[in-house]
Amino acid sequence: MNIVVLAGGLSPERDVSLVSGGLIARALAGRGHKVFLLDVYEGVSLEGKTPAELFTDSPEYIFSITHEVPDLEEIRRRNGYRRELVGEGVIEVCRAADVVFIALHGDMGENGQIQALFDILRIKYTGTGYAGSLLAMDKDISKRLLRLGGVPTPDWVYYDTKADRPEKILETVGLPCVVKPLACGSSVGVSMIEEPGELEAAISLAAGYGRYLVVEKKITGREFSVGVLDGRVLPPIEIIPKSGFYDYVNKYQGLTEEICPANITEADFRKMADCSLRVFEILRLYGYARIDYILDADGGLWCLEANTLPGMTPYSLLPQEAAAAGIEYGELCEIIARQGLVRFDN
Ligand SMILES: Nc1ncnc2c1ncn2[C@@H]1O[C@H](COP(=O)(O)OP(=O)(O)O)[C@@H](O)[C@H]1O
Ligand SMILES: [Mg+2]
């Protein structure tokens, strides 16, 4: 197959996406495919080449994630402050591929916009479609749907940073609570709040990623993440940060202990598996996804969110879970690519 791996973009999770994308491209090339890693915002100048000539069987992509969320202003500047979010050549090159492997994180890759564009153009792509992407990306909408569908999710309040006051939080969910942007990932802009005095700063941090927030009751317990692939639940992974919570730095600087398969009872496994399949159905997910939970001391399982585009380096959570189920990284990438290949067929 000729596969475009689509990554980068203007999301705060840009670096995470490029690392995943580079490794996915290498793994797919290792299985005999021709690949091209494409930054959706920066695009590619074809300079007299046909799109087909860009695909290679020996890609050399190397990226890393620093401690800091990337400087998006610098990327914008480098591109002449272009406002259009899809760069030069992107559509042409994606049209030339058999399938586009979406390795984006956040923003247009995760909120359904790129999926809707590809649907219209009949470009085949991997993972959840536009509607499911939107439902899962908006934490308020997804929590409403999960609650309606009987999946426990922590109490929360929808917060408008332009109109609401912190009292709204204190009078509803109370403390301790977790302040989050409505539609971000990688724990970007997420804060844990114990004291009322910490609220203002947490709200203004989260507001840097969008006007609306979700403020949730903080649940104390063990954190797990559960992958679903081709209708099958993968072995859950337990996440234990060495200090603090599972924030951006703990996620990507190796500061978290990850145990897979998690040491849980058969009953807890069943609960996680049933819940995950239900979440998959309620949010209209497709192909693969990863769902985050906290298990409290009373055995209550609380769903935090569903990720339609989970991290996809070999060390990321879902690939570790796949490995525990006997599916090595290259095979996992291939399975996901093939799921995209049958899109629009039925
Ligand atoms: N209600 C909560 N109670 C306790 N911890 C939480 C809660 N919500 C989020 N967290 C912590 O914050 C992290 C990020 O939250 P999450 O909702 O998964 O957002 P993101 O989309 O950024 O991954 C979680 O992995 C967990 O460690
Ligand atoms: Mg999460």
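**Exercise 1. Determine which strands each supply at least two residues of the shell around ligand 1, and characterise that shell.**

Solution. Step 1: β5 (177-181), β12 (288-296) and β13 (301-307) each supply at least two residues of the shell; strands (E, at least two residues) and helices (H or I, at least four residues) are DSSP runs, numbered from the N terminus. The structure is a predicted model, in which local features need pLDDT of at least 70, side-chain atom pairs count only at pLDDT 80 or more, and totals for chains, interfaces and linings use all residues. Residues are numbered from 1 along each chain as its sequence is written, while chains are lettered from A and ligands numbered from 1 in the order in which they are written.

Step 2: Ligand 1 is surrounded by 18 residues, of which Pro154, Gly185, Glu216, Ile219 and Tyr246 are the closest; a residue is near a molecule if its C-beta atom, placed from the backbone, lies within 6 Å of it.

Step 3: Nine nonpolar, three polar and six charged residues make up the shell. Here Ala, Val, Leu, Ile, Met, Phe, Trp, Tyr, Cys and Pro count as nonpolar, Asp, Glu, Lys and Arg as charged, and the others, Gly among them, as polar.

Step 4: Domain 2 (136-153 + 220-308) and domain 3 (156-217) each contribute at least three residues to the shell; the domain bounds come from an automatic or database domain assignment.

**Exercise 2. State the strand order of the open sheet of four strands and identify its edge strands.**

Solution. Step 1: The order is β4-β7-β5-β6, with antiparallel pairing; two strands pair if DSSP finds at least two bridges between them.

Step 2: β4 (156-160) and β6 (191-193) are the edge strands, each pairing on one side only.

Step 3: Five bridges join β4 to β7 (residues 212-217) in the antiparallel sense. Val215 in β7 is the bridge partner of Val157.

**Exercise 3. Describe how helices α1 and α13 are arranged and which residues meet.**

Solution. Step 1: The axes of α1 (residues 14-30) and α13 (residues 329-341) come within 9 Å and cross at roughly 95°. Axes are lines fitted to C-alpha atoms, for helices over the stretch in contact, and angles run from 0 to 180 degrees between N-to-C directions.

Step 2: The two helices, α1 and α13, are therefore roughly perpendicular to each other (65 to 115 degrees).

Step 3: From α1, Ile24, Ala27, Leu28 and Gly30 meet Tyr329, Gly330, Cys333, Glu334 and Ala337 of α13; contact requires C-beta atoms, placed from the backbone, within 7 Å.

Step 4: Six nonpolar, two polar and one charged residues form the contact of α1 with α13.

Methods
Parallel < 35°, antiparallel > 145°, perpendicular 65-115°, else oblique. Contact = placed C-beta atoms within 7 Å.
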